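Dear colleague,

Please find below the structure that I am handing over to you. My notes on its aromatic contacts and strand pairing follow.

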Amino acid sequence: MSGEHYFSADPAVAHERHRVEFTAFDQEFRLVSASGVFSSTRLDPGTAVLLDKAPLPGPETTGALLDLGCGYGPITAVLAAAAPRATVYAIDVNRRALDLVRENAAALGVADRVVASTPDEVAPTVGFAQIWSNPPIRIGKAELHALLLRWLPRLTPDGVAWLVVAKNLGGDSLQRWLGEQGFQVERHASQKGFRIFSVRKPGDARTEAALNL
């Protein structure tokens, strides 16, 4: 499958279904995937590192969480399991992917807490306590920057974004660029050639508190 397919709203590639199984949050997940979506036959290695190394939200977490560029929904599934009091927004331009997210959420019994939608369908008033993303680096630098500048400012005042980026695909340069935009960026972990970044908005409540100690 050429990379452009999973960036398309309606992939032209044949709809061949797959099953992807993985373990996260001490739980085994069995999800349905399909051709025409990102990493359709296995859990993407970057996503696996993100779910292993970034701290998952706890059961006390409330509000809205965002899986940005959700694909068929592995991050969404884990967030919904880890934070049963939160609503998880699964955002993608690929409508086939969104249909799969809905199917997987229903199979896991969390459909009432998962909102699968295209970017433009999300109300502008919704803020996110956490944003999780294995961002689509291959869409190009300009498009990637526009994507992040659209969603990162929607973090709540004490919110945090967790991003995974391969070092050889510009992880370190993306960290520098985010800092230049005024975000508070820290490298949380590195594993298997991937960088895990925590990102907070300028003036984040926790950042300000730390500076005032």
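Rings of Phe, Tyr and Trp (its six-membered ring) are taken to pair if their centres lie within 6.5 Å; planes under 30 degrees apart are called stacked, over 60 edge-to-face, and the rest tilted. By this criterion the structure holds four aromatic pairs. One of them joins Y89 and F128 edge-to-face, with 5.6 Å centre to centre and 80 degrees between the planes. Y89 belongs to strand β4 (residues 86-91) and F128 to strand β6 (residues 128-133), 39 residues apart; helices (H or I, at least four residues) and strands (E, at least two) are DSSP runs numbered from the N terminus.

The model is predicted: local features need pLDDT of at least 70, side-chain atom pairs count only at pLDDT 80 or more, and totals for chains, interfaces and linings use all residues. Residues are numbered from 1 along each chain as its sequence is written, and side-chain values use heavy atoms, leaving out hydrogens and water.

Y89 counts as buried because its relative accessibility is 16%, and F128 is at 0% (buried: under 20% relative accessible area; exposed: over 50%; partly exposed: in between; 1.4 Å probe, protein chains only). F128 also forms a tilted pair with W151, at 6.3 Å and 55 degrees. W151 lies in helix α4 (residues 141-151), so this pair ties β6 to a part 23 residues apart in sequence. Y89, F128 and W151 form one aromatic cluster.

In strand β7 (residues 155-166), nine of the twelve residues are buried. Strands β6 and β7 run parallel, joined by five bridges (pairing requires at least two DSSP bridges).

Kind regards
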